[in-house]
Amino acid sequence: MEIRQLREEELAEAVKLSDLVFRDEEQVSMGEAFPLVFSAGLGQSFGALENGKVVSFVGLVPFRIHVGAATLKVFAIGSVCTHPDGRGKGYAGAILQQVNRHIRQAGASLLLVSGDRSLYTRIHCYPFGTFRSYELKPEHVGALAAAAGGKGGPEVRELAPADWFALHELAAARPVRYEQSVAELAELIRTQAYASCVKLEHRTLVAVRDGKPVAFAVLAVPGRLQPKSAPKVIEWAGEAGAFGAILAEAMNRYSLEQLDLAVSWHETDLQQVLQGVPFQEERNSGTVQVTDPAVLLAQLQPYWRATGRPGGSELTATSAPDGSCELRLGADSVRVSPRELVSLLFDAAPQLAERLPQPIAELFPIPFPYASGLNMI
């Protein structure tokens, strides 16, 4: 048995294995829906090979995530699968050990995982943060349209070929976001990663005022297949009020009885637009591992400086062999476990709140983009 990053000619085998495990005869291939996972150009994904044949696979994709003025180097894993004949032999766990070495060498600060199995918690991947889960119904359409200006609000239409620069500018203006080029944004909308998993299809609506796009949204709605999930907003950017007009139009245009929307805690303008729509607080899907606490703090320093919290530039992290680390800021310090560190970073009420020095507590939580949007792996 050999474990390593897969070569270009072996990626086709990995696609077939992923399709065997995750797809039925109606769904498009995993290779089409998740091209970055199987990209020969990136060449990041790992496999276990028996007699030269791929029997286990872990897809690995690098991303740059902007948190205000900071840029985090992040990896995401997905399409983790093992052939039925190779299960129970520890292949996936062995691959993840090599993955961890690789992402540390690459200078990544976080590892995002789309699952929460013990396979991941064993390497200190934990649930992180919360979001507001809104369930839009037809009775909310009137209030959303009124908040957007009613008949005087923006025109809402489907994506046009000349919109790409405008859409990219709107997406890039978000202070908390995945980095996406024009071509990447277009390709992610085309490939329909999440939507393909639940047998929905993408539709992209654009809100236009005075001939200029001011918001857009990518929606997963029913198409030719019997859906396995309620319709969902995958991604949005632009003015929150104009996005409200898009939501109202989507409910009518696609005859939706329900449209689910995830809103992060830092998206306060959108929360204001959605006043009166019921929501529930839910955990972010998947888990996260802090790859290297010291590297993460270094990458976050521009965020803290730009938000007027210069103490972040003095915060240090010293890791111990057991995975814990000591956070120190001036005379204040606290030792945290890997799980507590994740909670401190992303939870409004962290697990260690009662023993957390105030100068350190004031630096957290940090905002983070919704991980199950267009860039879901």
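Contact, as used in this tour, means heavy atoms within 4.5 Å. The model is predicted: local features need pLDDT of at least 70, side-chain atom pairs count only at pLDDT 80 or more, and totals for chains, interfaces and linings use all residues. Residues are numbered from 1 along each chain as its sequence is written, and side-chain values use heavy atoms, with hydrogens and water left out.

**Stop 1: Ser56**

Select Ser56, which is found in strand 3 (residues 53-67); strands (E, at least two residues) and helices (H or I, at least four) are DSSP runs, numbered from the N terminus. Ser56 has 0% relative accessibility and therefore counts as buried. Buried means under 20% relative accessible area, exposed over 50%, and partly exposed in between (1.4 Å probe, protein chains only).

Next, display the residues around Ser56. Leaving aside neighbours within four places in sequence, Ser56 is in contact with Leu17, Phe46, Gly47, Ala48, Cys81, Thr82, Tyr91, Ala92 and Ile95. Two of these names return when polar atoms are shown. The side chain of Ser56 makes a polar contact of 2.8 Å with the side chain of Thr82, and a polar atom of the Ser56 side chain lies 3.3 Å from the backbone oxygen of Cys81. A polar contact is a pair of N or O atoms within 3.5 Å; within protein, one must be able to donate a hydrogen and the other to accept it, and residues adjacent in sequence count only if both atoms are side-chain atoms.

**Stop 2: aromatic pairs**

Now turn to the aromatic rings, of which the structure holds nine pairs. Rings of Phe, Tyr and Trp (its six-membered ring) pair if their centres lie within 6.5 Å; planes under 30 degrees apart count as stacked, over 60 as edge-to-face and the rest as tilted.

Select Phe63 and Tyr178: their ring centres are 5.3 Å apart and their planes stand at 85 degrees, so this pair is edge-to-face. Phe63 belongs to strand 3 and Tyr178 to strand 8 (residues 176-178), so the pair ties together parts that are 115 residues apart in sequence. Phe63 and Tyr178 are both buried.

Then select Phe346 and Phe368, an edge-to-face pair with 5.4 Å from centre to centre and 75 degrees between the planes. Phe346 is in helix 12 (residues 338-346) and Phe368 in the segment after helix 13 (358-361), so far as the chain is concerned 22 residues apart. Both Phe346 and Phe368 are buried.

**Stop 3: a cavity and a pocket**

Phe128, Phe346 and Phe368 are among the residues lining the largest cavity, as are Trp265, His266 and Asn284. The volume of the largest cavity is about 90 Å³, and three cavities of 30 Å³ or more are counted. On a 1 Å grid over the protein atoms alone, a cavity is a set of points where a 1.4 Å probe fits but cannot get out, and a pocket is an open set with protein on both sides within 12 Å along at least five of seven lines; lining residues have an atom within 4 Å of a point. Grid points are joined across faces, edges and corners, and a volume is the space filled by probe spheres set on the points.

The largest pocket holds about 810 Å³ of space. Of the 41 residues that line the largest pocket, Ser114, Tyr194, Ser372, Met376 and Ile377 are the closest to its centre. Strand 4 provides the largest share of this lining, five residues.

Select Tyr194 together with Lys232: the charged end of Lys232 sits over the Tyr194 ring, 4.1 Å from its centre. A charge sits over a ring if NZ of Lys or CZ of Arg is within 6 Å of the ring centre and within 35 degrees of the ring normal.

**Stop 4: backbone geometry**

Most residues other than glycine have a negative phi, and most peptide bonds are trans. Select Phe364 and Pro365, which are joined by a cis peptide bond with omega of about 0 degrees. Pro365 lies in the segment after helix 13.

Finally, select Lys199 and Ser255. Lys199 has a positive phi near 60 degrees and is located in the loop between helix 8 and strand 9 (201-209). Ser255 has a positive phi of about 50 degrees and is located in the loop between helix 9 (240-253) and strand 12. Lys199 is buried at 11% relative accessibility, whereas Ser255 is exposed, with a relative accessible area of 59%.
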